[in-house]
Amino acid sequence: MTYSRSVLTALTLLWVLPAGHSVPNAHAWSLDQIPAGNAMAVLETGSESAPGGLPDGGVDRAEAGDIRAAWYVAPTDRYRHGILGDAIEASGLTIRTADGAEITMRLPETEVFEDRTPRLIDLDRDGRMEVVTIRASLQAGASVTIYSLRGGVLRQLASTPFIGIPNRWLNIAGIADFAGLGTRQIAYVETPHIGGTLVFYAYLDGELRRLASLRGFSNHAIGAREMGLSATADLDGDGLPDLLLPTDSRRTLMVVGFQKRTLSEQASIDLPAPLETDIATRDTPRGLSFVFGLADGRFYQLTPP
């Protein structure tokens, strides 16, 4: 897909609110403790196991497009980082096409997929699906890498740079048109366990281009299986999706989004204990709410104003 000058120019206008700014507290938000059973009914959505895949891996599916399913295969212990709870990672990626064919690609011996379930999404809205993965180098740490079906072969299209140090990881927080570019951007937290940085990348003209970043976030706990400690929704009513995710202590939830091409922290909600579970969304009579569990064993429902 070829992008207009206005879209490409918009990339140069994205900037971050300077350090030292104030973040409005979300006093109008409602944080209510709920019974564990009610919360688990929302959080335990179930996951389809991947054939020949990781013990805790899943399958992502799409209802349209050239790729209809994707999952990781060929478990290996060659990395031994264990950031997701064990030393077993994937060395291959399998897709199922719209006509039912299964195609597999394998990484070189120096790399693994340090991830549980790949993400199927049409990033550039050209009608073809991209597969968004977390690929790690045994010598240089993790990256976000995109694959797609080209000429009947699963090919790597683009990748962010590896972090640069072994055993350094990143966790994807959301994929949506956060910046209002007409395409979808990938948001992830780099090194969520050691001073995490929230980074936004756009996939444009076959490249991943860094848009903006903010420091001080963590959407994962070391050794945990849960990778979904974030949620995407339009939380300020401007028509653009925002991110709800924890700060690096995981004791505060922050609303982050773009306003007039500016990435900023828009609201903060303090929690009684660190966030421990994925964040699930559900519709209530009061509107969209978020359900999650904390490290003290209690569960909460958070409702925007």
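This is a predicted model: local features need pLDDT of at least 70, side-chain atom pairs count only at pLDDT 80 or more; totals for chains, interfaces and linings use all residues.
1. Arg 96 counts as partly exposed, its relative accessibility being 23%. Arg 96 belongs to strand S5, which covers residues 89-97. When neighbours within four places in sequence are left aside, Arg 96 is in contact with Arg 61, Ile 67, Arg 68, Ala 69, Trp 71, Ala 101 and Glu 102. Asn 171 lies 75 residues from Arg 96 in sequence, and the two C-alpha atoms are 25 Å apart in space.

2. One of the contacts of Arg 96 is also a charged pair. The side chains of Arg 96 and Glu 102 meet in a salt bridge, with an N to O distance of 2.7 Å. Glu 102 is partly exposed, at a relative accessible area of 49%. In general, side chains of opposite charge can pair when their charged atoms come close.

3. How many salt bridges does a search of the whole structure find? The search gives twelve. Among them is the pair formed by Arg 209 and Glu 207, with 3.7 Å from N to O. Both partners of this pair are partly exposed: Arg 209 has a relative accessible area of 27%, and Glu 207 has one of 45%. Elsewhere, Asp 56, Asp 86, Arg 116 and Arg 225 are linked in a network of salt bridges.

4. A further salt bridge joins the side chains of Arg 286 and Asp 32, at 3.6 Å from N to O. Arg 286 sits in the loop between S20 and strand S21 (287-293), while Asp 32 is in strand S2, so the pair ties together parts that are 254 residues apart in sequence. Arg 286 is exposed, with a relative accessible area of 53%, whereas Asp 32 is partly exposed at 29%.

5. Strand S2, which holds Asp 32, is part of an open sheet of four strands in the order S2-S22-S21-S20, paired in the antiparallel sense. Which strands stand at the edges of this sheet? They are S2 (30-34) and S20 (280-284); each has a single partner strand, so one side of each is left without a neighbour in the sheet. On average, and with direction ignored, neighbouring strands here are turned by 30° against each other.

6. The pairing of S2 with strand S22 (residues 299-303) is antiparallel and comprises five bridges. Ser 30 stands opposite Thr 303 in S22, and Ile 34 has Phe 299 as its bridge partner in that strand. On the S21 side, four bridges join S21 to S22, and these two strands also run antiparallel. Gly 293 stands opposite Phe 299. S21 and S22 form a hairpin with five residues between them, and Gly 297 in the turn has a positive phi of about 90°.

7. Is strand S22 mostly covered or mostly open? S22 is mostly covered, since five of its five residues are buried, buried being defined as under 20% relative accessible area. In a regular strand the side chains alternate between the two faces of the sheet. In S22 both faces are covered: Phe 299, Gln 301 and Thr 303 are buried on one side, and Tyr 300 and Leu 302 on the other.

8. The largest nonpolar core has 25 residues, and Leu 123, Val 132, Ile 172 and Ile 186 touch the most other members. Two or more residues of this core come from each of the strands S9 (130-137), S10 (141-150), S12 (170-176), S13 (185-190) and S14 (197-204). A second, separate core has 21 residues, including Phe 178, Leu 181, Leu 198 and Ala 202.

9. Val 132 deserves a separate entry. With residues up to four places away in sequence not counted, Val 132 touches Tyr 72, Pro 118, Arg 119, Ile 121, Leu 123, Val 144, Thr 145, Ile 172, Ile 175 and Ile 186.

Terms used: Residues are numbered from 1 along each chain as its sequence is written. Side-chain values use heavy atoms; hydrogens and water are left out. Two strands pair if DSSP finds at least two bridges between them. Axes are lines fitted to C-alpha atoms, for helices over the stretch in contact, and angles run from 0 to 180 degrees between N-to-C directions. A salt bridge is a side-chain nitrogen of Lys or Arg within 4 Å of a carboxyl oxygen of Asp or Glu. Buried means under 20% relative accessible area, exposed over 50%, partly exposed in between (1.4 Å probe, protein chains only). A nonpolar core is a set of buried Ala, Val, Leu, Ile, Met, Phe, Trp, Tyr and Cys residues joined through side-chain atoms within 4.5 Å. Contact means heavy atoms within 4.5 Å.
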